[in-house]
Amino acid sequence: MDFTGFDHPGRSARDRGPRSVKVMIAGGFGTGKTTMVRSVSDIKPLTTEETLTEASVDVDDLIGIADKTRTTVSMDFGKICLNDELMLYLFGTPGQERFWFLWNGLFKGALGAVVLVDTRRLASSFRAIEEMERQDVPFVVAVNVFPDSPVHPVEEIRDALDLDPHTPIVSCDARDRRSSRDVLVALIRHLQERSTAALEHR
């Protein structure tokens, strides 16, 4: 893959070193954000998971994820070197509505994002998509395939999420390192295509 579009301006390839890029891993509650960061990170990830308690029963929507016992309360952090040219710093957002106030700070400096969705609970990721669009952060949608997930054609998912025709939709298993890495590669390709298109329209 060619990473020329992410070069440091004014520096030669020899002196440049790997380019560091901030990427958000967002989505609704229980869509697999922490799982993806864990599976793909080259380092032991920083997580801020806490045990769900009875106090959250009337606050968090557990429909479809009744067996979920832990939740992110601040953020997850990991990193992955896609190759010698590009390092991705991954920031996973909390999914519950009561922690959304943290998102503004997390999104600062992000070049792009992955929005994880669960086809059993598509509505849970509406807020994440709205936030991407509001903050003008390019993103790809990753459909995390759970064992009992209903299968829908890509265009039905696009319509249900009211996505732009150019927003990529990919399937993944957030538990699998290679699958999660493929999602990140799809995001980088999307960012490059957007950058190329912007230059062509100047």
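This is a predicted model: local features need pLDDT of at least 70, side-chain atom pairs count only at pLDDT 80 or more; totals for chains, interfaces and linings use all residues.

Trainee: Is His 190 buried or exposed?
Mentor: His 190 belongs to helix H6, which spans residues 177-200. A residue counts as buried under 20% relative accessible area. The relative accessibility of His 190 is 7%, so His 190 is buried.

Trainee: Which residues does His 190 contact, leaving aside its neighbours within four places in sequence?
Mentor: We set aside the neighbours within four places in sequence. The contacts of His 190 are then Pro 138, Phe 139, Val 140, His 166 and Pro 168.

Trainee: Is Cys 172 buried or exposed?
Mentor: Cys 172 is found in strand S8. The cut-off for buried is under 20% relative accessible area. Cys 172 has a relative accessible area of 4%, and therefore Cys 172 is buried.

Trainee: How far apart in space are Cys 172 and Val 145, C-alpha to C-alpha?
Mentor: Val 145 is among the residues that Cys 172 touches, as are Met 36 and Leu 116. In sequence, Cys 172 and Val 145 are 27 residues apart. In space, C-alpha to C-alpha, their separation is 6.1 Å.

Trainee: Is Asp 162 buried or exposed?
Mentor: Asp 162 sits in the loop between H5 and strand S8. Exposed means over 50% relative accessible area. Asp 162 has 64% relative accessibility, so Asp 162 is exposed.

Conventions: Residues are numbered from 1 along each chain as its sequence is written. Side-chain values use heavy atoms; hydrogens and water are left out. Helices (H or I, at least four residues) and strands (E, at least two) are DSSP runs, numbered from the N terminus. Buried means under 20% relative accessible area, exposed over 50%, partly exposed in between (1.4 Å probe, protein chains only). Contact means heavy atoms within 4.5 Å.
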